[in-house]
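Here is a short briefing for a first look. Keep the sequence and the 3D view open while you read.

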Amino acid sequence: MSTTVSPDTSHQLAAVIFDVDGTLVDSERDGHRVAFNAAFAAAGLPYRWDVEEYGQLLHITGGRRRLTAFLERQGHPPQEAAALAAQLHADKTARFRDMINQGRIPPRPGVPELITELTDAGITLAVATTGTRDWVEPLLDRLFGLDTFATVVTGTEIPTLKPDPAAYLETLARLNLPPYHALAIEDSANGLQAARAAGIPCLVVTNHYTQDQDFTGALAVLNSFRNPTHTTDPHLTQGLTPHTLTTLLKNSPHTRTNP
Ligand code: XBP
Ligand code: MG
């Protein structure tokens, strides 16, 4: 999927690029974590990730990388850990797809409304995630319709995951858009770093797992898409709308310093 967005010269908001895990959907604690644990059990392994331990493990992006690092720490030799991680991750992906099909992975409150409003306002929507395409596409299709997004870049086709900017650079290339006409929406410090390293102004909507992370360099930080109880920007007390996003980008120091 590839689309061209015509850039103008007035730093208008042309595209919003969404992260998936933790941003569009509440997917980690009651989603991926549960599927990883079911895969451990099915393989006869004793490992189980509780809510707190999984929060620590989330600092390693990508489920397969997360598994490999964990298994090595449990004493599996590197080659064995890599092979076991690949097998477990394939099973976990199938289980997570089942959870999606059962409607167990909900959008974050306010996200469906924001997506509808942005679409109605003529703003291009895209996705840049380190998650695996085999579950990302069915999830986006079920919740929002895959056609909602001009392009979807996943960890499957990106060699280096967030905080590396590869997913965002690929998204900009597919949209044929300079970074200062886009706005990234992320939930984590890893995601923020990835967007900023690609030159894209980034807004952070925190969640349970990420609320205490360092968001230096974010355009603004808030704790909910609608009616946030914490926000670093007084213009966002009502939450995110096409109008607040457009204003935020226009006033952003990132756009002012860009050509
Ligand atoms: C999310 C991830 C993902 C998921 C699991 O990071 O790291 O790996 O936890 O998905 P971000 P997979 O939100 O910054 O993209 O198991 O498919 O990798
Ligand atoms: Mg995320």
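The points below cover the ligand, then several residues of interest.

This is a predicted model, in which local features need pLDDT of at least 70, side-chain atom pairs count only at pLDDT 80 or more, and totals for chains, interfaces and linings use all residues. Residues are numbered from 1 along each chain as its sequence is written, chains are lettered from A and ligands numbered from 1 in the order in which they are written, and side-chain values use heavy atoms, with hydrogens and water left out.

**Ligand 1 and its shell**

- Ligand 1 sits in the largest pocket.
- A pocket is found on a 1 Å grid over the protein atoms alone: it is an open set of points where a 1.4 Å probe fits, with protein on both sides within 12 Å along at least five of seven lines.
- A molecule sits in a pocket if more than half of its atoms lie within 2 Å of its grid points.
- The shell holds 17 residues, and the closest are Gly 63, His 89, Lys 92, Thr 132 and Trp 135. A residue is near a molecule if one of its heavy atoms lies within 4 Å of it.
- Helix H1 (28-42), helix H3 (63-73) and helix H4 (78-101) each give at least two residues to this shell. Helices (H or I, at least four residues) and strands (E, at least two) are DSSP runs, numbered from the N terminus.
- By class, 2 residues of the shell are nonpolar, 9 are polar and 6 are charged. Ala, Val, Leu, Ile, Met, Phe, Trp, Tyr, Cys and Pro count as nonpolar, Asp, Glu, Lys and Arg as charged, and the others, Gly among them, as polar.

**Polar contacts of ligand 1**

- A polar contact is a pair of N or O atoms within 3.5 Å; within protein, one must be able to donate a hydrogen and the other to accept it, and residues adjacent in sequence count only if both atoms are side-chain atoms.
- Thr 132 places a polar side-chain atom 2.6 Å from an oxygen atom of ligand 1.
- For Lys 92, a side-chain N or O atom is 2.7 Å from a ligand oxygen.
- For Glu 28, the distance from a polar side-chain atom to a ligand oxygen is 2.9 Å.
- The protein covers 96% of the 450 Å² of accessible area that ligand 1 has on its own. Accessible areas come from the Shrake-Rupley method with a 1.4 Å probe.

**Asp 50**

- Asp 50 lies in the loop between H1 and helix H2 (51-57).
- Its side chain reaches the backbone nitrogen of Glu 52 at 3.2 Å. A polar atom of that side chain also lies 2.7 Å from the backbone nitrogen of Glu 53.
- Asp 50 counts as partly exposed because its relative accessibility is 45%. Buried means under 20% relative accessible area, exposed over 50%, and partly exposed in between (1.4 Å probe, protein chains only).

**Val 205**

- Val 205 belongs to strand E5 (residues 202-205).
- At 0% relative accessibility, Val 205 is buried.
- Val 205 and Thr 23 are 182 residues apart in sequence, yet 6.9 Å apart in space, C-alpha to C-alpha.

**Backbone features in loops**

- Lys 162 and Pro 163 are joined by a cis peptide bond, with omega about 15°. Pro 163 is in the loop between strand E3 (151-153) and helix H7 (166-175).
- Asn 176 is not a glycine, but has a positive phi of about 55°. Asn 176 lies between H7 and strand E4 (182-186), in a loop.
- Asn 227 also has a positive phi, near 45°. Asn 227 counts as exposed because its relative accessibility is 54%.

Notes. 1 Å grid on protein atoms, 1.4 Å probe; cavity = no way out; pocket = protein on both sides within 12 Å on 5 of 7 lines; lining within 4 Å.
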